[in-house]
Every structure is written in structure tokens, then in C-alpha cells.
Amino acid sequence: MDELVALCKRRGFIFQSAEIYGGLQGIYDYGPLGVELKNNLKNAWWKSMVYENDNIEGLDASILTNSMVLDYSGHTETFSDPMVDCKSCGLRFREDQVPKSCKKEDLTEPRQFNLMFKTNVGPIDDGSSYAYLRPETAQQIFTNFKNIVDSTSCSLPFGIAQIGKAFRNEITPRNFIFRVREFEQMELEYFVAPGEDEDAHHIWVQKRLNWWEKQGVPIETIVLHEVPIEELAHYSKKTVDLMYKFPHGLEELEGIANRTDFDLGSHSKNQNELNIHAKVKLNKDSNSKLSIKNREGGMVVPFVIEPSAGVERGMLAVLNEAFTIESLAENKTRVVLKLKPHLAPIKAAIIPLKKNDENLVNLAKKIKSKLQQLGFGRIILENTGNIGKSYRKQDEIGTPLCITVDFKTLENNSVTVRDRDSMQQERINIKDIESLFMEKIK
Ligand code: GAP
């Protein structure tokens, strides 16, 4: 983990937020390469959910959340962790995360601490006009259910996908970006007819494993963990966690929950007319019945299967799998990030052999601009004049291809293309760069 954290800072992936003022615990900023990697991971998820499934629609809902949404969802009452204080060191911990250095007899009795961030809405702060920063992106999918059904031609089964920020006032944020207070979730709520939920749940677990494999996190590195009944979230009938061997241990990367009809049932009016299976609180405030026609033409409240993944945990897993220290000849080593090309922050670096040679630099700029226009992501001009140093840097940040423009290029229009993983170099004609690039990056 230490080496990965150091690389992330040195190369501009991830910084501690407000570092110049001593930081803010559990909050991180994403630098020039971090933002590219994050966007690439989110785009891969979005493509696989929304573009590759005709029955999944996208949504980008608000972060500030009406408190009634979270009252009826059960979060106000139950979204809390047990917290203890250590009378000896004066620090506060989540009950299951007390360090060994604190003695049991020094700990206070656990008490519940609600993890939601509350904020005031509008200019008057009299305590009545508050809202929450959403603790999960899911709730606004449920509250927009009717809007999406009415504005599209959705019929069961169908899904609504969303990527966005979520906030939790974690008692003990830790392990770099693994447990943080501000993070992003990629959540799908997949609505099915009651009775079809268990099969759909099984299918989504498999689909998600396959997706992680495509991002460079092999299925063998993920352990399926069925959450014991006594540990299930209040809305869940069954949850399978995808547990990944993070550098600090085996922990949850993604959870796939069967949320039954709890959420749509909770946010509905006239609940007694809806044959809701889950135990829900009487809703006196909603103005909508969150039901839909089933195949037989009757109205039902669908069950929901929810694959929910954290973007930061995904990044950490992807970086951890890609991070490689290779032994080379003459007792040398190289650090290389073997990221899947579609996730690499920089797709190709164009390197003029000599920094101040106008002809070489101009030609390199031309090649850069051509490849950039293909729309596969960021291409950079690496104009340091030190080819060895450039290769080392591009290996460390995971750039799949380096294209060198040298004096031979000016004579015969050929460039050297170096492959990140094999370090093989081949000489190709400038006119063939685009097709080779597309073949490697796709
Ligand atoms: N809507 C369901 C839900 O939020 P969750 O298991 O609490 O379920 C889903 O969160 C995913 O969000 C987790 O698997 C994890 O990847 C990510 N996540 C949750 N809390 C996090 C935190 N404090 N820091 C980073 N990621 C977190």
C-alpha cells in the first residue's frame, strides 16, 4: 500500500485534500491522472450498463436530499455505526475498529452514531430547513421511479443506473481511499416482478464478476461473501458482497443486494392498496404510488436488485492489480502500471527524440493531434529530450504506447512504437499509426 500511495502522489493520481492546511481526514482530491482513471472506470461502467442494455436508463439526481426521503428510507433511524471512546488516548473509534493499543477497560459503552451529513438549506438556519448529503445514490432513483417510467417506455424488467457522489461521516476513515467520507458510487437499481428477484440476483452477481475481470481485477481475486442475516442492511433480503484482496486485507469492493419492494413500497402513498411484501413505515407524505404494470396487466410494486460499487474502491483494486515491479537485466527493476488500455489515464505519449529540434517537435505535435481526434482519451506530447526517462515515467503511469519521432522519421516517415508491457519496439510507417493505435487501445 505504501508504495502505491507514494506513486499516486508522485505521479499526480491522488492527493490528500487541503494538504497545505494539514488535510481533512477521509477526504481526497484526484489529480491530472487520477481524474482520467476515475472517468475511464466510470465510463466503462456506464457503457456496460446503459449503452449495452436496452432496458437500462441513466439518471443524475441531486446530492442534497429532502429529509423525508431519508426518513422513509429508514436512514434517519438506522444508518448508524456503534462508536466508542477510549478514555486513555481520548480518541473515538468504530466499535469493530478499535486499535490493539487501546485497552478494553478504557473503552466507553458503544453508542449509535448516525453517519449522514446534515446541512442547512436557504438563508435562515432555524433548524427546520435542513437537508442531508445523500449517503447512497440509490434513494433518488426510487423517488424518480415514476418520472422515468412515465417519460420512457420502461416495462419490467428494467433498470435505472446512476453514478455520483455519496457522503458518510465515517467514524474511522482509513486505508487510503478505501474508507472515505466523500466518495462516488456506481449504482444500478434493477426492477423485476416479485418472484423473479432471486434469479435476477444470481445473474447480476455473475455479470458484475465478469465486468471486474474486464477492468483487470480477475475473478480469482474476488471472494463471494453472503452477508449473514443478522448483518443484513434493514432493506435487504439477501446481499452478496464481492470481497477483494486489497493491500490491507480482504474487504468489500461491491455489494449486490436484493432490496425487495422495501424502497418503492416505503416511498409510496396508499400502501395498503399495493400488496407490499416488505415491512414498511406508514407513508403520509408521498403523493405517488410507485407501482408499474406487470405482464398480466395488473399493478405491482417491483422488487429491486442492486449492484452497488464504489468508484474509489474500484480504483484501488485496479491500481493494486496493475502495480508491478519487474526485474530487468543487470539487477535493475522497473515499476509499471499494467492497466487495461481503456482505463489508462494517458493512451499514448508522443516523444520527439530531441527537445529543441523544431522539425521533430512539430511532427510529434501533428501525430499527437491526429490521435487525439480519434476520441479514445488523452494523448500527450512528452518533450523532455530524455527517451529513457520518458519511458520510465510512462511505464509508471500505465501509458500503453510510446511513439518516438526521430531523425529517421524525417527521412523515411517511420516512427518507433514501444509497447508498455513487452517493452518491444517496432518501426512502422506514420500512415499505419492510427490503425495500430486503435487495435491496441480498444
Ligand atoms: N446503496 C447500497 C449501498 O450504499 P453499501 O454497501 O453501503 O451499499 C456500496 O455501499 C459500495 O459503496 C460499497 O461496496 C463500497 O464500494 C462503496 N462504499 C461504501 N462506503 C464507502 C466509504 N466510506 N468509502 C469508500 N467507498 C465506500
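Student: Which residue of β10 stands opposite G58?

Tutor: The residue opposite G58 is A161 in β10. This is a predicted model, in which local features need pLDDT of at least 70, side-chain atom pairs count only at pLDDT 80 or more, and totals for chains, interfaces and linings use all residues. Residues are numbered from 1 along each chain as its sequence is written, and side-chain values use heavy atoms, with hydrogens and water left out.

Student: How do β3 and β10 run, parallel or antiparallel?

Tutor: Strand β3 (residues 56-59) and β10 run parallel, joined by four bridges. Helices (H or I, at least four residues) and strands (E, at least two) are DSSP runs, numbered from the N terminus. Two strands pair if DSSP finds at least two bridges between them.

Student: And how many bridges join β10 to β11?

Tutor: There are 10 bridges between β10 and strand β11 (residues 182-192), and these two run antiparallel. Within this pair, F158 is opposite F191 in β11.

Student: Is β10 mostly covered or uncovered?

Tutor: Strand β10 (residues 158-167) is mostly covered, with nine of its 10 residues buried. Buried means under 20% relative accessible area, exposed means over 50%, and partly exposed lies in between (1.4 Å probe, protein chains only).

Student: Moving on to β13: why is it described as largely enclosed?

Tutor: Strand β13 (residues 238-246) has seven of its nine residues buried, so the rest of the structure largely encloses it. Strand β12 (residues 222-226) is joined to β13 by five bridges and the two run antiparallel; there, E226 stands opposite V240.

Student: Now the five-stranded sheet. What is its strand order?

Tutor: The order is β21-β20-β22-β23-β24, in an open sheet with mixed pairing. At the edges stand β21 (378-381) and β24 (425-429); each has a single partner strand, so one side of each lacks a neighbour in the sheet. From one strand to the next, the twist averages 25°. Axes here are lines fitted to C-alpha atoms, for helices over the stretch in contact, and angles run from 0 to 180 degrees between N-to-C directions.

Student: In which sense do β20 and β21 pair?

Tutor: Strand β20 (residues 346-352) pairs with β21 in the parallel sense over four bridges.

Student: Which strands does α10 lie across?

Tutor: Helix α10 (residues 358-373) lies across β20, β21, β22 (401-405) and β23 (414-419), and runs at about 175° to β21. Contact means heavy atoms within 4.5 Å.

Student: What do the buried residues of α13 pack against?

Tutor: They pack against β20, α10, β21, β22, β23 and β24. The buried residues of helix α13 (residues 433-441) are I433, L436, F437 and I441. Viewed down the axis of α13, they fall within an arc of 120°, so they line one face of the helix. The arc is that of the directions from the helix axis to the C-beta atoms.

Student: What does T409 touch?

Tutor: Leaving aside residues up to four places away in sequence, T409 touches L363, T404, S414, V415, R427 and I430. T409 lies in helix α12 (residues 407-412) and is buried, at 0% relative accessibility.

Student: Changing topic, how many disulfides are there?

Tutor: The count is zero, where a disulfide is a pair of cysteine sulfur atoms within 2.5 Å. C102 is in no disulfide, and its nearest cysteine sulfur, that of C86, is 3.6 Å away. C102 is buried, at 11% relative accessibility.

Student: Lastly, how many helices and strands does the chain have?

Tutor: The chain has 13 helices and 24 strands. Of its 442 residues, 50% count as buried. Its C-alpha atoms fill a box of roughly 80 × 65 × 50 Å along the principal axes.
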